[in-house]
Amino acid sequence: MNNNIFDERQQLNQYKYGSHSFFILVFSVIICTVLKFFNPNSITPVNEMILLLFIPSMYFSVATILTNSFCSFSNNKKLNIIILSDMVATFIFLISFLFFKNAFADIAKYKFLSDYTAVLLICINLLIVGIAYIIRFKTDKESI
């Protein structure tokens with residue numbers, strides 16, 4: 001029995017987009033280091049880490065979803081619907097949390113120094129990955 005649940009094309013796409021994400025991360029670390037060196041109070045450490053993880057993970061997720069390499073069970077529609085509904089539920093919960101805490105006013109006032117900026121970036125991540133999933137569903141339906 002083959003224990004490998006991904007085919008070769010999916011694995012190569014994951015490796016390719018993973019290496020791209022790594023180089024994006026290295027470039028982001030260099031930029032953040034230079035910015036923190038010249039302006040130490042420009043960003044909080046929590047938001048810096050979220051930004052450093054946000055950009056590469058967003059690139060990897062969207063690229064692998066659009067090339068059908070994110071999840072090996074693309075033929076299993078129930079799993080894809082569960083993943084998409086989980087993202088939608090988490091997005092709704094986090095946005096309602098931001099509205100309940102009146103965090104948008106705090107973000108507008110303090111920009112990246114606000115602790116709620118990290119939650120907002122997670123919401124943006126969930127929204128973009130959800131849109132990529134919907135695009136993938138549309139292209140799968142059109143190809144059938």
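Here is a short chat about the predicted model above and its largest pocket.

Me: How do you know that the protein has five helices and zero strands?
Reply: Helices are DSSP runs of H or I with at least four residues, and strands are E runs of at least two, numbered from the N terminus. By that rule the protein gets five helices and zero strands, so its elements read α-α-α-α-α from the N terminus on.

Me: What makes a spot a pocket, and what volume does the largest pocket have?
Reply: On a 1 Å grid over the protein atoms alone, a pocket is an open set of points with protein on both sides within 12 Å along at least five of seven lines. Points join across faces, edges and corners, and the volume is the space filled by probe spheres set on them. That gives about 180 Å³ for the largest pocket.

Me: What makes 33% of the 144 residues buried?
Reply: Buried means under 20% relative accessible area, with a 1.4 Å probe and protein chains only. Residues under that cut-off make up the 33%.

Residues are numbered from 1 along each chain as its sequence is written. In this predicted model, local features need pLDDT of at least 70, side-chain atom pairs count only at pLDDT 80 or more, totals for chains, interfaces and linings use all residues, and side-chain values use heavy atoms, leaving out hydrogens and water.

Conventions
On a 1 Å grid over the protein atoms alone, a cavity is a set of points where a 1.4 Å probe fits but cannot get out, and a pocket is an open set with protein on both sides within 12 Å along at least five of seven lines; lining residues have an atom within 4 Å of a point. Buried means under 20% relative accessible area, exposed over 50%, partly exposed in between (1.4 Å probe, protein chains only).
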